[in-house]
Amino acid sequence: MDVAVKREREKVIVSRMIALYCRKNHGGKTLCPDCAALDAYARQRSDKCPFMETKTFCSNCRVHCYQPEMREKIRAVMRFSGPRMLFHHPIPAIRHMIESHKEKRRLEKTT
């Protein structure tokens, strides 16, 4: 898969997860300032990721280049939104699970 496509997919999924988290936890139809900042930060990290060719998504990365505070925020979003994505955005959620599983199996074979 093309690296640019992978980057865009990751950004879309993370943005959807942040939007779902914000809507359910902070109310409103648009992102609150904290969630908007997290979304911008996550997009920026994805754009600069040097490992995009060899990983499926940030959640599978072993480097974790997020600053500690932002890492905790994104983990909270992932814990909350991950299971709910199946109901709100099923196709990207299933694609993410399949690609993540493939990536984990590939890593197990190489180690």
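Hi everyone, and a few ground rules before the tour. The model is predicted, so local features need pLDDT of at least 70 and side-chain atom pairs count only at pLDDT 80 or more, while totals for chains, interfaces and linings use all residues. Residues are numbered from 1 along each chain as its sequence is written, and side-chain values use heavy atoms, with hydrogens and water left out.

Let's start with the overall layout. The chain has four helices and zero strands, and its pattern along the sequence reads α-α-α-α. Helices here are DSSP runs of H or I with at least four residues, strands are E runs of at least two, and both are numbered from the N terminus.

Next, the surface. The accessible surface comes to about 7,100 Å², with 57% of it belonging to carbon and sulfur atoms; that is Shrake-Rupley with a 1.4 Å probe. Of the 111 residues, 36% are buried, where buried means under 20% relative accessible area, exposed means over 50%, and partly exposed is in between (1.4 Å probe, protein chains only).

Now for a helix pair. Helix α3, residues 68-88, packs with helix α4, residues 90-110, at an angle of about 130°, their axes 6 Å apart. The axes are lines fitted to C-alpha atoms over the stretch in contact, and the angles run from 0 to 180 degrees between N-to-C directions. That makes α3 oblique to α4, since under 35 degrees is roughly parallel, over 145 roughly antiparallel, 65 to 115 roughly perpendicular and the rest oblique. On the α3 side, the contact is made by Met85, Leu86, Phe87 and His88; on the α4 side, by Pro90, Ala93, Ile94 and Met97. By class, that contact has seven nonpolar residues, one polar and no charged. Nonpolar covers Ala, Val, Leu, Ile, Met, Phe, Trp, Tyr, Cys and Pro, charged covers Asp, Glu, Lys and Arg, and the others, Gly among them, are polar.

Last stop: two aspartates in helix α2. Asp39 lies in α2, residues 33-48, and counts as buried at 14% relative accessibility. Leaving aside residues up to four places away in sequence, Asp39 touches Ser15, Ile18 and Leu31. Asp34 also lies in α2, but at 56% relative accessibility Asp34 counts as exposed.

Terms used:
Contact means heavy atoms within 4.5 Å.
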